[in-house]
Amino acid sequence: MKNYWNSIPEQVKRISILLIVIVAAFIVIRANLVPKDFGELGHYRTSAIDEIIAQNLKYGGEILCSECHDDVAEKKASSFHKNVSCEVCHGPAADHADDPDSFTPTAPKDRDTCPICHEYLQSRPTGFPQIISVSHNPFKPCKSCHNAHDPTPPETPKECSACHKEIFSVKSLSHHAFVECKTCHKTKDNHRLSPREFIPEKPTSRNFCGQCHSDEIVNNDEIPKISMTEHEPKYVCWQCHYPHLPEAK
Amino acid sequence: MIDSEKNDETRRNFLRKLCYSAVLAFVSPSLVMRGKNKKIVEWIIGENYNPYDHYWSMGIDINKCIGCGRCAESCKIENNVPKEPFFFRTWVERYHIYKDGEVAIDSPNGAINGFSKVVSEKSLEKSFFVPKICNQCDHPPCVQVCPVGATFKSIDGVVLVDANYCIGCRYCIQACPYGARYIHPVTRSADKCTFCYHRIVKGKLPACVENCPTQARVFGEFKKKASPIERFRRMNKINVLKPALNTEPKVFYANLDMEVK
């Protein structure tokens, strides 16, 4: 044995001892370094999850508010703002729900909060009620005419542009500027109160556009005429011409 | 000869000290880190929440988004995300697609103050908003690259970050194809959307979903239980971002334009 040990060259001995020390050190350090609960559920510390869920809540959630403010919640539930959560306007209020006396949420009484959602932007989807705040009853706070919890306007909007602003502004610069919305869309008045329940009609056939554009109509108006039988009979007109901006080019 | 012996001496000293300090440096924090452990069973009982019963996902309907940015703002408040620009767990982008084919994308301060009108002489083809968020991939590339196991997919499908274990190496930020991660300037660890994990285990909605006024964001179980995601996936043509990367996102988009990256 001893012979064998002696027969190993000196440098090999040293290097293997060093190697053993390194491997041992690695095992010891690793055992110490890797937390006890690492790898129980996966390649991570189980207690990380505890630390993550220990984070405090800032937003209590609408269900919580409704427990004490059932009058407001009930009113809002049947209004245009039914999907707008309380804390969107009142700010985070979980602390208030825990202890209503020490923490009081604020209410947006100025004219700046509502336009975050209601200012006219081209990118907003059609049907969303929009205003231009500098010209919509300026200087008065919104709440003097609209109850924030049931914002139904004091009078029914007369203009389609209230909710279809983008279509309206495109059309008003087009050749159809003087063709009324209602000429093409038979619209019940209720559409302006419950827009999704009373959907307006849309033109369904080529003949609808033909009322004005067919070359069989002989009069002296300025409306450009086409032959209904020869002008692209395979398609309905609005597959090529956007009816709110009907450029022929 | 004498010179080299001396050299040897100092080298040995140096090596010895290096060993000591390495041992010290490794052992001390691992002692501190112990003692916080709590078993998964206790956790389930404690919160009355069993992660094995859930698998979370989100649906985003582009046609319903009005670009008010309440999601981005409430996310920052709820999760202590720094108020400065560039730090976001969720944000909203605005797309302008012009008739000449040009696509302009903007997201002023992540939309936490909403958007203002842009004026352009060019005629517009269409325009819309796209809320962005960590896609909670089922095959998350960020988890694969983390060298220490500080980011992981939990049992209920949410990709989380262990901020106390993260070494701040930024590999995950490089690996994320959606740009959904950032280094938190205070904790100096990686940070990203957790689907508000601390809220969902308590039966609450994520802050962005709670505060979305038009239900453009819906949240719920993916295939495990009845949830709003069911109808969302049935009624809409669903897309995910960058499907070619096979990350299998669990954030589903409805009415997503081809131009959206």
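**View 1. Salt bridge between A:Glu10 and A:Lys13, 3.8 Å from N to O.** A salt bridge here is a side-chain nitrogen of Lys or Arg within 4 Å of a carboxyl oxygen of Asp or Glu. The model is predicted: local features need pLDDT of at least 70, side-chain atom pairs count only at pLDDT 80 or more, and totals for chains, interfaces and linings use all residues. Residues are numbered from 1 along each chain as its sequence is written, chains are lettered from A in the order in which they are written, and side-chain values use heavy atoms, with hydrogens and water left out. A:Glu10 and A:Lys13 are separated by about one helical turn because they sit 3 residues apart in helix 2 (residues 10-33) of chain A; helices are DSSP runs of H or I with at least four residues, strands are runs of E with at least two, and both are numbered from the N terminus. A:Arg14 joins these two residues in a network of salt bridges.

**View 2. Salt bridge between B:Asp162 and A:Arg45, with the closest N and O atoms 2.7 Å apart.** B:Asp162 lies in the loop between strand 6 (159-161) and helix 5 (171-175) of chain B, and A:Arg45 in the loop between helix 2 and helix 3 (46-53) of chain A, so the pair joins two chains. B:Asp162 is buried at a relative accessible area of 1%, and A:Arg45 is buried at 2%. Buried means under 20% relative accessible area, exposed over 50%, and partly exposed in between (1.4 Å probe, protein chains only).

**View 3. Positive phi at B:Gln136, near 45°.** This non-glycine residue is in the loop between strand 4 (124-133) and helix 4 (141-145) of chain B. B:Gln136 is buried, with a relative accessible area of 0%.
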